[in-house]
Structures are given as structure tokens and as C-alpha cells.
Amino acid sequence: MSFIRHRAGPGDMSRAIGRPEPRVASPTRWRWLRLPSGRGWLWRSASLIGLAAVWEIAARLAGSNMLPTPVAVLAAVYRDTRSGQLPLELGITMARVVAAFVVAMTVGTVIGYMMGRSHRLNLALDGPLVLALNIPALVIIILCYLWLGLTEVAVIVAVALNKIPVVVVTTREGTRAIDARLLAVAQVYRVPRTVTLYRVILPQLYPYLIASARNGLALIWKIVLVAELLGRSNGVGFELSVFFQYFDITSILAYTLAFAVVVMVIEAGVMRPLEKHLMRWRG
Amino acid sequence: MKELNIHVVEKRFDDALVLADIDITIGSGEFVAIVGPSGVGKTTLLSMVAGLDADYTGAIHYDGAPLAAPGQSPSGLGMVFQEPRLMPWLTVGDNVRLAEAERLARDRSYVSRADSLLDEVGLRASRNAWPNHLSGGMQRRTALARAFVVEPWLLLMDEPFVSLDLQAANQLRELLRRLCARVRPLVLFVTHNLNEALVLADRIVFLGNTPARVVLDYRVEQTGKHDLDSLEVAALSRRLLAHHQGLLSEMSGSDLDESRRGKEGL
């Protein structure tokens, strides 16, 4: 009540006093709604189960091949996992994702850092950067296939080229935010360059690098699928194109689901613990 | 005796002349306080000695040779800034060891002195703590340990004890005095607090006017070390200001002026 009075203007005062006190939610009344921290997974799984339930109901109502039920999709996942085909295709696609991810993160971070440090380089590369950010992924993929042939290198280059500009922008922001006062400390104590990089500069870039790694993973696997669909004869993207030709919606959903689960596991099992470790000093 | 000579012909920020015709010579092991109103260029002068600011005309020599290569900081330098400037992602111990990285790179057999320094400043128990879990006073102790872990021959301090409560500041001054007595560095200590300068320094260089120049170079007659607000220090400050009537007006509008008025109000 006190904060309401405080915020009301002088004219509102008399009216507020005349009215019965508004019922303010006491902390205890809503406690049952608030889950203890660390139980975030409860909310996550509840929402996923809810989603599956909605899907099941919709599929039954539709009663058509166009929308298979979640159970049918899970059965397809099981079938293709046992046959070994799903793990194989997943592995091939995952290898491409990892390769493109490593290339894009490395190249993008180096260019972004240099652009953040050098005003001239930034002026020189900013135009091409904006251009690169706006070239459709599809165009880059097609051009890479035309120039480099339908090869593994073409896929990785194409996907990396799609991601690099985004990494550059994020890293450049991070580099500009580097605290010059902490760099002065390193200079005063004549800290060697490599130690300065690992102990003074990189820790300031970690939040930006983690952000671009997380976005990167999500973006890259989507682009890899398109590249596979267009020019490879294996991988999840290629399989999807085959299912597309056979109108096999169940398998399309099964492969998509499997891949999404793998990416989520990487996010929860690698990205988030890594972030927690690197940012542990904030706690 | 080896001497540090700071000779500044001109230091400008854009077009404004900040420092001009400054020539200070300091013997090694001497503790010199630089006192002046805020904005007079004390910190700038310190940055120039530290090698953080090379954009001036003049030269800084030690023992007849340039103090440091251009764009570099002199070796054997310790520096304490206005803020502790600790790396928040390094533990207290690693923050101190960061200053030893150069030494370790030169000499693989070098054994870190960080633990013994942390002992000396009373922070051994906190050596694995994150800096942002420490109090302001403890963070400054860490910064002191970092400055002294390199056994500096030259120590630059830029108002290191401001925004601390009186007791914590007194403890840190006492700690600084102990560390200086052991390591005996040449100290340049920037402050706007005349009493602090009188308590710590052998010599006080007063900077004033625009562009800043040396208004007075004053040798402190030491009568033993006292608290900042003791009668002895008050007497020292009275005697100084009585002998140099023009000092306050030449530094008019300064914090020195204000600190005096605040003193009399008490």
C-alpha cells in the first residue's frame, strides 16, 4: 500500500484514501506458483509435454497422413535408430555442423576483434560486412557449389560464410566494450601479450563469444540442412529431400525431432555449463 | 645517488595546455606527494611517468637514461590506481600473480611471492575469493599486494585511498608505510589531501594554476608518523600554510582549500 500512496499524485490521494485498500498479493499466497530455483527443468518439461499433447490431439482430430501423431513419429525414430540409418545421417550432418561452426567462430572472432581495435580496418570492412550480412544463405550456398563443386569443402565454406558476418558483428561490439583501464594495468606490469590475451582481453569477450556461439549453433544446423538438400547425397538434409519426394511426413518429423534433440542436448550439456564456468566469478 | 628526472615542456589535451615547464628531480627511495586541485593534471603526470601517455614534449630520465622505451612502461614499476582495477574474473591470488607474469616469462625458476605478499596485507585467507566478494578496503589491499609483489623500485599511486572510510584509509596508510619501509621504492603519491601528504611523504610538490606548474617544492620535517587528524599534523599544516601565505590563493578553488575549511569546521 505504501508504494501506491507514494506514487499517486496529490489529487489521487483523497480518492485512494477513501477506497478500501487494494488487495496486494502477499509473498506467501503465491508461493505455490513459484518453483524453487534449480527446478527450471520442471517448467521446461511441462511445456514440452503440453506441446506434445496438443500435437496428439490435433493429429487425431485431423486423422490424416498430413499430420502423424507424436507416437507414430517416435516409432519412426526408434525404427531408424535401430536400423542405424538415423545415427549415421545425424553423425554426418553433425560433423559438418561442427566443422562449419569452428571455422566460422575462429575466423569471425579474429576479424571482429581486429575491426574492434582498428578504426581504419573497421572503415574498410564495414561496407562488405553489411553486404555479407544481407546476402541470402541460399545464394551463398549455390555460389559455393558452383565455384567449388558439390564437395564437402563447399558445404563447410558456404555455411561458415553465412555465419562469419554475425560473429564479426558480435565480437566487434565486445571488443569495443573492452575496459581500457584494465588494459592499462596489464601494460603497467608489462604482462606478456599472450597472458594479456588470455587473462585480460578474452574474459571480457566471453559473454559476446558465448552469445554468438549459441546463436551460431542454432543458425548453422539449419543452414547445413539446406546445403545438404541442395548438393549432398547424405546427411539429414539429403534424407529430408528424399522423404519430401515420397511425401513421408512421419520420417520428416522424426529426423527433425531427432536432430533438434541433439542440438538441445549440446546446448544444455556443453554451452550452458561452459557459460556457467566462464562466468562463475559473477555469482 | 640515482635520480628520477621528470621534465615536461608541454602537455596538451587537444588545444588546451595542461602542464608546462615542469622539472622535478627525485632521489631513489624518496617518498614524494604531488598535491594540487582536482583537474590540474596530477593523474596525467603520473600516466606519463607510467608510460601510459606518451603524447607530450619533454623527457623522463632515470640515472641519465630514458626511463622506458617509447610506448612501454618502465620495468620494476608498481602502480596503484584510484580504483582497485582488479580483474573480476581472476581470484585475489591470481590478480596478484598477474603482475608477476613478466618475471615468470623471463625466469622459469622464479617462485611466486604472491602468497607471502597476501600474508603481509592480511589477505591470505581470501586468496581464492573473487574480488567482487571483497570489501572496498580488501580490494585496495589486493591492489597494494599486486603493486609490491614486483618489489618495485618505482611506485606510482593515484589517490589510492579515496572513498574509503577514515579507519580503513588509516589502516591502509599504515600498511603502505610498512611495505615502503621494507621495499624502499621511489614513490610518487598523488593526493588532494594535504594532511595525507604530510603524514606519508618526505617531500611535497604542489601543482597549481593553468597550465599547471610547480607552485612549491616543500620538504616535510618529520616528527614521527601520526594519524591524519592528530594535533601534530594539524600543526604541521598550519606552519606550512603560515610560511607560504600565497599558496592557497595560487591554488584557489582547490580541494586543498576545501579540505582546510572542512578542517576548521570540525
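**Values against definitions in a predicted model**

Q: What makes the backbone oxygen of A:Met105 and the side chain of A:Thr109 a polar contact?
A: The backbone oxygen of A:Met105 lies 2.5 Å from a polar atom of the side chain of A:Thr109. A polar contact is a pair of N or O atoms within 3.5 Å; within protein, one must be able to donate a hydrogen and the other to accept it, and residues adjacent in sequence count only if both atoms are side-chain atoms. The 2.5 Å value falls within that limit.

This is a predicted model: local features need pLDDT of at least 70, side-chain atom pairs count only at pLDDT 80 or more, and totals for chains, interfaces and linings use all residues. Residues are numbered from 1 along each chain as its sequence is written, chains are lettered from A and ligands numbered from 1 in the order written, and side-chain values use heavy atoms, without hydrogens or water.

Q: Why is A:Thr109 called buried?
A: The relative accessible area of A:Thr109 is 18%. Buried means under 20%, exposed over 50%, partly exposed in between (1.4 Å probe, protein chains only). So A:Thr109 is buried.

Q: Which residues does A:Thr109 touch, not counting those up to four places away in sequence?
A: They are A:Ala104, A:Val167, A:Thr171 and A:Leu209. Contact means heavy atoms within 4.5 Å. A:Thr109 itself lies in helix H5 (residues 85-117) of chain A; helices (H or I, at least four residues) and strands (E, at least two) are DSSP runs, numbered from the N terminus.

Q: How do you know that strands E3 and E8 of chain B pair?
A: Two strands pair if DSSP finds at least two bridges between them. Five bridges join E3 (residues 31-35) to E8 (residues 186-191) in chain B, and the two run parallel. B:Val32 stands opposite B:Leu188 in E8(B).

Q: What makes strands E6 and E10 of chain B edge strands?
A: The open sheet has six strands in the order E6-E7-E8-E3-E9-E10 (chain B), with mixed pairing. E6 (77-80) and E10 (213-219) each pair on one side only.
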